[in-house]
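Visitor: I am new to this one. Could you show it to me and take me through its helices?

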Amino acid sequence: MSEDNAETPDNGELSAREKVLDRRRRILAAIRDAAIDEFASKGLVGASTQAIAQRAGLTKPQLHYYISSKEELYEDILVYILDEWQELFISASTGDDPAQIIRAYIHKKLEYGQKNPKASRLFTTEIANGAPFLGRHWAQYQASTQQAVKLIQSWVDQGLIRPVDPLLFQMHIWAVTQHYADFEVQIRSFMQLSDNEELDMVRVEEEVTALFLRACGLQ
């Protein structure tokens, strides 16, 4: 699935072509959301394109106009999630203050997990199954991760933070922040929260942030 970018004329009105592109973007977004729901609840084997079409408000033939197969859609969704997480770090890593960057990244990761818990769980399930689809895409994201490693190592080299293993430091942030999406049922049980009570994410974010800032001597 790919999306096209459209520009709006100066008068704020969409041209006929732009209206078509806008409708396509909305349909692709609906398919993506429906696919995440279906794959997260039933897995790749149990999911069906008929169910995905229904969730997206489409007929099955309409769905297959936009996708070639269930497997390709599943892979596209996983890559989309990785792209989203990659963008989170890029958007958080502006500026020169390590504490600010770490704090912003943790905030964005926790926020993403709370807003998109099914996406997070879908990704985790794929990894638990040995990453049969994501394995083809590791090289691209390993390169991105190495950029973050270099950034963290530069902080160490400049004496801005206490020496840490840059790669493990990153992966520990992933593990802790995703825990609050992937294991929400367990967390809510241990915190004795009822179904209509919200998880106190301010408390969670403060504690998680303090954990990692202390680890590198920033708190």
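**Helices and their packing**

Guide: We may begin with helix α2, residues 49-56, whose buried residues are Thr49, Ala51, Ile52, Ala53 and Ala56. Please keep in mind that this is a predicted model.

Visitor: What do the buried residues of α2 pack against?

Guide: They pack against α1 (16-46), α3 (60-66) and α4.

Visitor: And which residue follows α2?

Guide: Gly57 follows α2, and the phi of Gly57 is positive, near 75 degrees.

Visitor: Let us turn to Glu38. Where is Glu38 found?

Guide: Glu38 belongs to helix α1.

Visitor: Is Glu38 buried or exposed?

Guide: Glu38 has a relative accessible area of 0%, so Glu38 counts as buried, the cut-off being under 20%.

Visitor: What is Glu38 in contact with, leaving aside its neighbours within four places in sequence?

Guide: Glu38 is then in contact with Gly43, Gly46, Ala47, Ser48, Ala51, Ile52 and Arg55. Two of the names there, Ala51 and Ile52, also stand among the buried residues of α2.

Visitor: At what angle do α1 and α6 pack?

Guide: Helix α6 covers residues 117-128, and α1 packs with α6 at an angle of about 50 degrees, the axes being 9 Å apart. That angle makes α1 oblique to α6. The crossing of the two, α1 passing α6, is left-handed.

Visitor: Which residues make that contact of α1 and α6?

Guide: From α1 come Ile36, Asp37, Phe39 and Ala40, and from α6 come Lys118, Ala119 and Leu122. By class, the contact of α1 with α6 has five nonpolar, no polar and two charged residues.

Visitor: Another pair, please. How far apart are the axes of α4 and α7?

Guide: The axes of α4 (residues 70-92) and α7 (residues 138-157) are 11 Å apart, and the helices pack at an angle of about 15 degrees. An angle under 35 degrees counts as roughly parallel, so α4 is roughly parallel to α7. The crossing of α4 and α7 is left-handed.

Visitor: What makes the contact there, and how is it divided by class?

Guide: On α4 the residues are Val79, Leu82, Asp83, Gln86 and Phe89, while α7 brings Trp138, Gln140, Tyr141, Ser144, Ala148 and Leu151. The contact of α4 with α7 comprises seven nonpolar, three polar and one charged residues.

Visitor: Tell me about Ala148. Is Ala148 buried or exposed?

Guide: Ala148, in helix α7, is buried, with a relative accessible area of 1%. Neighbours within four places in sequence aside, Ala148 is in contact with Phe89 and Gln170. Ala148 and Phe89 are 59 residues apart along the chain, and their C-alpha atoms are separated by 8.2 Å.

Visitor: Now the core. How many residues has the largest nonpolar core?

Guide: The largest nonpolar core has 58 residues, and those with the most contacts inside it are Ile31, Phe39, Leu73, Ile81, Ile102 and Phe169. Helix α4 gives the most to this core, with eleven residues.

Visitor: What does Phe169 touch?

Guide: Not counting residues up to four places away in sequence, Phe169 touches Ile102, Ile152, Val164, Phe212, Ala215 and Cys216.

Visitor: And where is the place of Val164?

Guide: Val164 lies in the loop between α7 and α8 (166-182), and Val164 is buried, with a relative accessible area of 18%. Val164 and Cys216 are 52 residues apart in sequence, yet 6.6 Å apart in space, C-alpha to C-alpha.

Terms used: Residues are numbered from 1 along each chain as its sequence is written. This is a predicted model: local features need pLDDT of at least 70, side-chain atom pairs count only at pLDDT 80 or more; totals for chains, interfaces and linings use all residues. Side-chain values use heavy atoms; hydrogens and water are left out. Axes are lines fitted to C-alpha atoms, for helices over the stretch in contact, and angles run from 0 to 180 degrees between N-to-C directions. Helices (H or I, at least four residues) and strands (E, at least two) are DSSP runs, numbered from the N terminus. Angles under 35 degrees count as roughly parallel, over 145 as roughly antiparallel, 65 to 115 as roughly perpendicular and the rest as oblique. A crossing is left-handed if the near helix is turned anticlockwise from the far one by less than a right angle, and right-handed if clockwise. Contact means heavy atoms within 4.5 Å. Ala, Val, Leu, Ile, Met, Phe, Trp, Tyr, Cys and Pro count as nonpolar, Asp, Glu, Lys and Arg as charged, and the others, Gly among them, as polar. A nonpolar core is a set of buried Ala, Val, Leu, Ile, Met, Phe, Trp, Tyr and Cys residues joined through side-chain atoms within 4.5 Å. Buried means under 20% relative accessible area, exposed over 50%, partly exposed in between (1.4 Å probe, protein chains only).
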